[in-house]
Structure formats: C-alpha cells, structure tokens
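Thanks for coming. Please have the sequence and the model open while I talk.

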Amino acid sequence: MISYQVIEHGKPLQKVMQETPKPAGTEVLVRITRSGVCHSDLHIWDGYFDLGGGKRFYVKDRGCVPPFTMGHEPFGVIEKLGSRAKGVKAGQKSIVFPWIGCGKCPVCKSGQDNYCVSGPRFLGVHRPGAYASHVLVPDPKYLVDATGVDEAFAATLACSGLTTYSAAAKLPELGPKDWVAVIGCGGLGLICISVLRAKGVKNVIACDVDAVKLEAAKKLGARLTLDARAPDAVQKLQGLAMGSLAGAIDLVGMPATAALGLGALRKGGRYVLCGLFGGELVHPLPPFAQRAIGLVGSYVGNLQELKEVVALAKKKKLKAPPMSVRPAAEVAQVLEELKAGKVLGRTVLAL
C-alpha cells in the first residue's frame with residue numbers, strides 16, 4: 001500500500017510504500033478512493049495546538065509521533081473482511097466513521113465514541129489515516145453507506161459535515177425571529193450554513209474577513225453577511241440580528257472570533273466553539289450569569305449523527321460547498337495552500 005506520512009512536523013509529507021494490512025476478526029480493509037483535507041490536519045502536521053499565553057499542546061502527547069499518516073475524512077471501497085466481520089460485502093462503497101473509541105468504556109457504550117475517555121483510536125490521529133491507499137477499520141459498524149452522494153462530498157461528511165451537524169444540535173431552541181451567526185466561512189463554515197438550512201434555520205448570518213468566502217456563503221443560503229474585520233463588528237452583528245442573536249457557531253476558534261460571538265448574543269443565547277485556531281479566552285464572568293448565555297465546546301460528532309448527516313445528503317437537502325479534487329501526490333502542496341488561506345470550500349485527495 002501507499003501512504004503519505006508525516007516524517008517530520010512541518011515538513012512535506014513523504015510517499016511511503018509498505019505492506020498492506022490484513023484484516024482479522026471483525027476488521028475491515030477499505031481501499032481509499034477519496035480523502036478530505038481538513039484544517040485541523042494543519043495542527044497535527046505542525047505538531048501542536050496553540051493554547052495561548054505562549055503555551056502549546058503537543059500532538060506527540062496523544063500518540064502522534066512521526067512517522068504517522070494523517071487523514072480523518074475517509075471514503076472508499078471495502079476490499080477485504082476479517083473472519084468475524086458481518087453485515088458488509090467486498091466492493092461496497094462507504095464513508096468510514098473515523099472517531100473510533102475503545103468500545104469498552106461507558107462513554108463508548110453509550111454511542112459517544114468521539115468522547116472516549118479510555119483510549120480513543122481516531123483514524124488519522126491515533127491510528128493510520130486516509131492519506132493512504134488503504135485503511136484498516138476495526139468493525140463494520142463504522143462504515144456508513146453513502147450511495148447516491150458524490151464521493152468527494154461524501155468523504156467530507158465524516159468530519160466537516162458531522163462536526164457542524166453536531167454543533168448545530170447544541171444551539172438553543174430557536175424562535176422565528178432568532179438568528180444564528182456562523183463565524184468563519186472556510187470549509188466547515190460553508191457546510192455549516194448548508195446544515196443549518198437543511199435543519200430549517202433560515203436566519204443565518206455568515207461572518208468572515210474574506211469577501212470571496214462571504215459570497216460563497218450567500219450562495220449556500222446565508223441571508224446576511226458581515227465583514228468580521230470591522231472595529232464595531234459586535235455592534236454590527238447585533239444590528240443585523242435585530243438584537244436576537246440566539247446562537248453563534250465559531251468554526252475559527254481564536255480570541256477575536258470568541259469576542260465577536262459571545263459579545264453579540266442576546267440574553268439566553270449560546271456560543272458553540274468548534275474551531276481550533278488557538279489562543280485563550282479572557283472574558284468577564286458576571287455577564288455569563290447576568291445575560292444567561294452559554295459557552296459549549298463541540299468536538300466532531302458520534303456515529304448516529306453521521307448517519308443523520310448522510311441521510312440529509314442522500315435526500316439532496318445538503319448543498320456541497322465548492323469542492324476541488326486533487327491527486328494524493330499533491331498533498332504537501334494542498335496543505336501549504338490550506339495554511340495560506342488559499343482554499344475556497346474543501347479540497348479532497350483522489351487516491
């Protein structure tokens with residue numbers, strides 16, 4: 001098999017030839033045909049997450065020690081089955097749910113593998129991922145049929161679609177005059193707008209610093225847009241929402257975007273943080289109680305939520321953001337382009 005591996009953090013990925021794994025027991029070998037390139041891969045590639053104040057969290061502390069293979073948006077064809085793998089057949093095309101837990105702790109048994117506390121086995125993070133010709137999946141239950149969905153778009157549902165769907169579920173109950181702000185209109189922000197519209201949310205305000213991305217957001221269903229660079233961005237966002245910003249989903253995750261989302265909420269509103277750009281939050285505490293606002297983190301999503309996202313896509317209720325399919329051999333260049341902010345929508349590798 002072929003994999004594109006991080007040999008040294010921050011350096012171009014290297015093409016590596018190695019033995020193709022053989023599935024045993026309940027394992028399934030999937031031949032990858034499409035793999036999404038997610039912005040969070042940049043942090044893993046760099047080797048750390050910025051915690052603010054000069055502090056860093058190093059990915060080596062969660063098992064990402066070079067050499068390793070990134071890629072947590074896998075789509076492919078089932079190639080081989082272990083002797084106890086049931087319910088799927090060779091030749092079937094599937095999305096691979098990558099947020100795999102230990103399967104034994106109470107959290108996993110409740111269906112929340114993505115919150116596993118006893119040793120997560122996330123593909124592309126803790127285990128070899130989809131920047132490769134093959135991925136070994138521990139159980140057929142992590143394979144989700146996506147018949148009828150474009151393969152490139154289907155791959156991105158495993159992370160960006162799932163992440164934003166799970167984030168949207170954490171918003172408060174919305175009234176007809178309530179608004180939701182989507183902060184950051186990169187790959188996640190654009191699909192988030194599509195997810196919100198599919199869930200019946202009409203009053204969406206797209207916030208970004210890039211006019212091209214804001215235009216794309218309008219095409220995907222945002223009713224209003226905001227240039228987040230404005231010095232009075234909080235007041236402008238409040239004005240656009242007519243004082244009724246019930247929710248803000250932050251797909252960036254930096255001090256400026258947190259200040260925008262939290263500052264513009266109406267009483268009882270909720271700020272949902274997904275983005276991992278980095279930094280630290282400094283915010284007075286009394287207003288949380290006085291304004292009854294909530295701050296909740298949202299980390300990817302669970303298997304059932306992925307199935308619900310895929311169901312929306314199959315019903316053509318989800319609009320795909322701008323998509324670019326590139327040869328896997330160009331992965332190093334794609335990562336550089338993503339880091340430089342040159343990608344509109346999503347880039348997917350073809351293997």
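In helix 9, the buried residues are Leu303, Glu305, Leu306, Val309, Val310, Leu312 and Ala313. Buried means under 20% relative accessible area, with a 1.4 Å probe and protein chains only. Helices are DSSP runs of H or I with at least four residues, strands are runs of E with at least two, and both are numbered from the N terminus.

A word on the basis. This is a predicted model, in which local features need pLDDT of at least 70 and side-chain atom pairs count only at pLDDT 80 or more, while totals for chains, interfaces and linings use all residues. Residues are numbered from 1 along each chain as its sequence is written, and side-chain values use heavy atoms, with hydrogens and water left out.

Back to helix 9. The helix covers residues 303–314, and its 12 residues reach 17 Å from first C-alpha to last, close to the expected 16 Å; the expected span is 1.5 Å times one less than the number of residues. Just after the helix, lysine 316 has a positive phi of about 65 degrees.

What do the buried residues of helix 9 pack against? Their partners are strand 8 (93–96), strand 10 (143–145), helix 3 and helix 4 (187–198). Contact here means heavy atoms within 4.5 Å.

Helix 3 spans residues 151–168 and contains threonine 164. Threonine 164 counts as buried because its relative accessibility is 0%. Not counting residues up to four places away in sequence, threonine 164 touches Leu188, Ile191, Cys192, Val195 and Leu251.

Now the cores. A nonpolar core is a set of buried Ala, Val, Leu, Ile, Met, Phe, Trp, Tyr and Cys residues joined through side-chain atoms within 4.5 Å. The largest has 85 residues, and Ile95, Leu157, Leu196 and Ile249 touch the most other members. Helix 3 gives the most to this core, 10 residues. A second, separate core has 19 residues, including Ile205 and Tyr271.

Last, the strands. Strand 12 (residues 204–208) and strand 13 (residues 224–227) run parallel and are joined by four bridges. Isoleucine 205 has leucine 224 in strand 13 as its bridge partner. That is all from me.

Definitions and conventions:
Buried means under 20% relative accessible area, exposed over 50%, partly exposed in between (1.4 Å probe, protein chains only). Two strands pair if DSSP finds at least two bridges between them.
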